[in-house]
Amino acid sequence: MPKRILIQLDCDPQPSTFDAVVAVDAGAEVLLRHGGITPDNVVPLVHGAMFTRGGGDLAATAIFVGGSDVAAAEAVYRRIQQTFFGPVRVGVMLDPAGANTTASAAVLAAARHLPLGDEAAGGRLKALVLGGTGPVGQRVARLLARRHAHVTVASRSEPRAAAVCERIRSQVVDGRLHAVAMPGTAAPTGAFREALEQAELIVAAGAAGVTLLDAAGRSLARAAQVLIDLNAVPPAGIDGVIAVDKAKTDGSLVVYGALGVGGTKMKIHRAAIARLFESNTAALDAEEMLAIGESL
Ligand SMILES: NC(=O)c1ccc[n+]([C@@H]2O[C@H](COP(=O)([O-])OP(=O)(O)OC[C@H]3O[C@@H](n4cnc5c(N)ncnc54)[C@H](OP(=O)(O)O)[C@@H]3O)[C@@H](O)[C@H]2O)c1
């Protein structure tokens with residue numbers, strides 16, 4: 001078997017060192033790192049991966065697509081898939097800003113306690129994603145919608161949340177999603193308050209260091225069974241959640257903090273890289289990473 005080569009294609013000017021370190025830890029023997037990747041300059045790099053090794057040896061070459069701009073990385077990922085033909089292809093993984101691995105780990109944590117994926121019971125499950133317009137929040141919302149949850153996407157801007165719901169509906173045909181505006185620091189009112197009071201699962205996926213649910217807001221979450229806060233930078237995204245919380249019980253609640261989810265995220269990331277080298281056909285987006293997480 002030839003050496004396992006991972007071609008790290010990053011849409012940022014400098015390819016992520018985090019992704020590079022995880023790649024090596026996950027078994028990549030040679031790492032080729034390229035920054036400033038766009039759909040217009042990626043094709044020759046993909047040809048280099050496709051036309052050098054043949055047959056079964058193609059599985060020893062794989063591509064990782066990353067960067068902080070999720071839309072840009074998705075466009076590169078699509079262009080790579082369009083460049084392949086027939087059996088002349090290599091495995092590809094998409095994880096811009098860690099969004100897919102993080103969202104998969106969060107949904108996996110929720111599924112340990114709630115009937116996600118069970119259409120009969122899960123169809124009634126109400127989930128609220130705070131900061132749902134960011135890279136991680138959008139993926140969390142998409143994965144939950146695929147698992148038959150009724151997902152409310154909250155943002156400071158209702159139109160931004162509505163645009164996210166629309167995009168997910170185009171990908172998850174029977175997805176049940178709706179958008180609400182999250183009123184800054186003021187006491188929750190209207191549709192947001194209603195969503196907060198009814199949600200059985202709340203995932204805070206806001207920007208680092210931003211509190212989205214203070215103590216007063218959290219006290220309104222009367223139906224909540226699971227709280228997940230993905231923000232590791234103080235103050236907490238959800239009042240009272242500590243970053244290291246991992247399936248911590250708090251009264252009738254189960255609580256996860258960012259580091260409590262982060263361990264699983266790292267396992268999924270490493271396992272996904274390893275999966276890339278098992279065949280030349282892997283195409284790993286959020287859904288495939290959640291499946292990898294379930295198999296761990
Ligand atoms: N645990 C892990 O392993 C792990 C891995 C990666 C990321 N993370 C964490 O996951 C979280 C989400 O990451 P991300 O990259 O998706 O975040 P992001 O893009 O920085 O922010 C997500 C959303 O937060 C909202 N927001 C931004 N500033 C805000 C403010 N001042 N007040 C209220 N809302 C604000 C924005 O929504 P609107 O503008 O639409 O309101 C934004 O779309 C972050 O806290 C990140 O650090 C954790």
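Biologist: Which domains does the domain assignment of the protein give?

Modeller: In this predicted model, the assignment gives domain 1, residues 5-94, and domain 2, residues 101-262. Taken over C-alpha atoms, the centres of domain 1 and domain 2 are separated by 31 Å.

Biologist: Why is A97 called partly exposed?

Modeller: A97 has 19 other C-beta atoms within 10 Å. A residue is buried at 20 or more such atoms and exposed at 12 or fewer. The value for A97 lies in between, and therefore A97 is partly exposed. A97 belongs to the loop between β4 (91-94) and α4 (99-111). Its phi is positive, about 55°, although A97 is not a glycine.

Biologist: Why does A247 count as exposed?

Modeller: A247 has 12 C-beta neighbours inside 10 Å. Because the exposed class takes in 12 or fewer, A247 counts as exposed. A247 is placed in the loop between β9 and β10. A247 also has a positive phi of about 55° and is not a glycine.

Biologist: What kind of peptide bond joins P234 and P235?

Modeller: A cis peptide bond joins P234 and P235, with omega at about -5°. P235 is located in the loop between β9 (226-229) and β10 (248-250).

Biologist: Which residues of helix α1 are buried?

Modeller: In α1, residues 17-25, the residues D19, V22 and A23 are buried.

Biologist: How do you know that the buried residues of α1 line one face of the helix?

Modeller: Seen down the axis of α1, the buried residues fall within an arc of 105°, so they line one face. On the other side of α1, T17, V21 and D25 are exposed. The cover over the buried residues of α1 includes β1 (5-10), β2 (30-34), β3 (61-66) and α10. Just after α1, G27 has a positive phi of about 115°.

Biologist: What makes up the shell around the ligand?

Modeller: The ligand is surrounded by 26 residues, of which the closest are G131, G134, S155, R156 and A207. The elements that give two or more residues to this shell are α6 (135-146) and α10 (258-276). The largest share, 4 residues, comes from α10.

Biologist: How do the residues of the shell around the ligand divide into nonpolar, polar and charged?

Modeller: The shell around the ligand holds 12 nonpolar, 11 polar and 3 charged residues. Among the closest residues are G131 and G134.

Definitions and conventions:
Residues are numbered from 1 along each chain as its sequence is written. This is a predicted model: local features need pLDDT of at least 70, side-chain atom pairs count only at pLDDT 80 or more; totals for chains, interfaces and linings use all residues. A residue is near a molecule or strand if its C-beta atom, placed from the backbone, lies within 6 Å of it. Ala, Val, Leu, Ile, Met, Phe, Trp, Tyr, Cys and Pro count as nonpolar, Asp, Glu, Lys and Arg as charged, and the others, Gly among them, as polar. Domain bounds come from an automatic or database domain assignment. The arc is that of the directions from the helix axis to the C-beta atoms. Two residues are in contact if their C-beta atoms, placed from the backbone, lie within 7 Å.
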